[in-house]
There are 4 protein chains.
Amino acid sequence: MAETSFHVRYAETDSMGIVHHATYIVWFEEGRSALMRTCGASYTAFEADGVQLTVSEVQARYLAPARYDQLVTVRCWVERIQSRKMRFRYLVYNAESKEALATGYSDHVCITSAGKVARIPDKWRKFFKRAAS
Amino acid sequence: MAETSFHVRYAETDSMGIVHHATYIVWFEEGRSALMRTCGASYTAFEADGVQLTVSEVQARYLAPARYDQLVTVRCWVERIQSRKMRFRYLVYNAESKEALATGYSDHVCITSAGKVARIPDKWRKFFKRAAS
Amino acid sequence: MAETSFHVRYAETDSMGIVHHATYIVWFEEGRSALMRTCGASYTAFEADGVQLTVSEVQARYLAPARYDQLVTVRCWVERIQSRKMRFRYLVYNAESKEALATGYSDHVCITSAGKVARIPDKWRKFFKRAAS
Amino acid sequence: MAETSFHVRYAETDSMGIVHHATYIVWFEEGRSALMRTCGASYTAFEADGVQLTVSEVQARYLAPARYDQLVTVRCWVERIQSRKMRFRYLVYNAESKEALATGYSDHVCITSAGKVARIPDKWRKFFKRAAS
């Protein structure tokens, strides 16, 4: 599990005066990047091993709006990992009020750079199991 | 039901060489806009009636990658409509090969500009029922 | 010279209720893509020849705001082309009122996939010269 | 003058494998936000005074590419301030190698919420003069 915090950018808001809902999908991804950094690796290193974690599904539930300049925290963890796929979970909350803003998950399939489904390399499966707790 | 087609923008791709998964959420929304235009209205007119359709949940399944400059089509329709909420469905496909690229849905809650949950105005419920078929 | 028209997406607006200024840079790029398509090629074909047109400078002047769902037109043309670099010009205007919304330019340098500055291939220089008028 | 650092997001890259050039315009804006926070205010407070700093021009020069997960720093400062308008300057660099990635500026005009050009309120002009150094 890892958390990363940042301020809402003006470009991430929309005409409703709140953060656009697609922005959270980008924040989820930044949560994954932070999880990997926190555990001592980078998704770049994963790709350097000739594999990619392509996104097969994403879901987000929106609980409360976020606004420009607010400090938000994205919590990300591995929910489950199988031989060829895995699921990440997310919680986004207001870093000051602790109010939950959104929850969600994303499913990923391991593929080779040629696009074929492949086993998640053992060292990475171990890595992600550590990232689960 | 309505369809809208456009070319994939370079900015919508990522380092994997394919369209970034968050882009589809933006395309879904453009599908909603096209649905309303096709049915003779605009979401702007909806907001002008003092209500908004805030997004409460979004889900996307990714079936095949899209690439820069490809012509894609977003099909959008109303799956169900209740007194205070409704669900839109989406299919994104390659306009030339007809290959399905992604499917998804989004749930929306009707709120007043003050943020209170409200009934979808009758004239708009009728409008969206027409948009279902 | 070529023109392409599309509706303003909700995600392209910001808390000010108008199109975010960074969006125009993406629209300029879509203008370049449309220019190439109109002239019978694709930037994909350019890259397939082992070269890229990397952006070295971009400038935009904002004249009037655009809003959600408005139909906008991007006009793009080649202003000048040298052996290794070229400049595209842009005009964005409201497709209905014809009001000018923004103008700008972008400078590009031809590089190989290894990142070295290179001459723009002859066939492409001819292609872009046709695109100038 | 203020600096803010963050990791490059995957969504900010494009098919060239580098950060898309429009992303820098968003980073510039985040530099402005950080400048205001560092000086003890927020752009939200500026807007709460009934005025906005609308962008009238933006320019960026690209010196070297940035890639996914790299730590980048945006330096932002006020270059000049007049009664109704002001210019911000930007330098983006790789936080580890210190390599300059991009420079740029943005011009802003003070307008009322009704869209009329207005004087920058005195207290804010003083604020921005402090932000210049």
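## Exercises on a predicted multi-chain model

Helices (H or I, at least four residues) and strands (E, at least two) are DSSP runs numbered from the N terminus. Two residues are in contact if their C-beta atoms, placed from the backbone, lie within 7 Å.

The model is predicted: local features need pLDDT of at least 70, side-chain atom pairs count only at pLDDT 80 or more, and totals for chains, interfaces and linings use all residues. Residues are numbered from 1 along each chain as its sequence is written, and chains are lettered from A and ligands numbered from 1 in the order in which they are written.

**Exercise 1. Describe the fold and dimensions of chain A.**

Step 1. Chain A has 3 helices and 5 strands, in the sequence pattern β-α-α-β-β-β-β-α.

Step 2. The radius of gyration of chain A is 15 Å, close to the 14 Å that the globule rule gives for 133 residues, so chain A is as compact as a globular protein of that length. The radius is taken over C-alpha atoms, and the rule is 2.2 Å times the number of residues to the power 0.38.

Step 3. Along the principal axes, the C-alpha atoms of chain A fill a box of roughly 45 × 25 × 20 Å.

Step 4. Of its 133 residues, 43% count as buried. A residue is buried if 20 or more other C-beta atoms lie within 10 Å of its own, exposed if 12 or fewer, and partly exposed in between, with C-beta atoms placed from the backbone.

Step 5. Among contacts in chain A with a separation of 6 or more, 69% join residues 24 or more positions apart.

**Exercise 2. Which elements of chain B give two or more residues to the side that touches chain A?**

Step 1. The contact joins 14 residues of chain B to 14 residues of chain A.

Step 2. The elements are α1 (21–38) and β2 (51–62) of chain B. The largest share, 9 residues, comes from β2(B).

Step 3. By class, this side of chain B has 8 nonpolar, 4 polar and 2 charged residues. Ala, Val, Leu, Ile, Met, Phe, Trp, Tyr, Cys and Pro count as nonpolar, Asp, Glu, Lys and Arg as charged, and the others, Gly among them, as polar.

**Exercise 3. Is B:T112 buried or exposed?**

Step 1. B:T112 is in strand β5 (residues 100–112) of chain B.

Step 2. B:T112 counts as exposed because it has 11 C-beta neighbours inside 10 Å.

Step 3. Leaving out residues up to four places away in sequence, B:T112 touches B:G50, B:V51 and B:A118.
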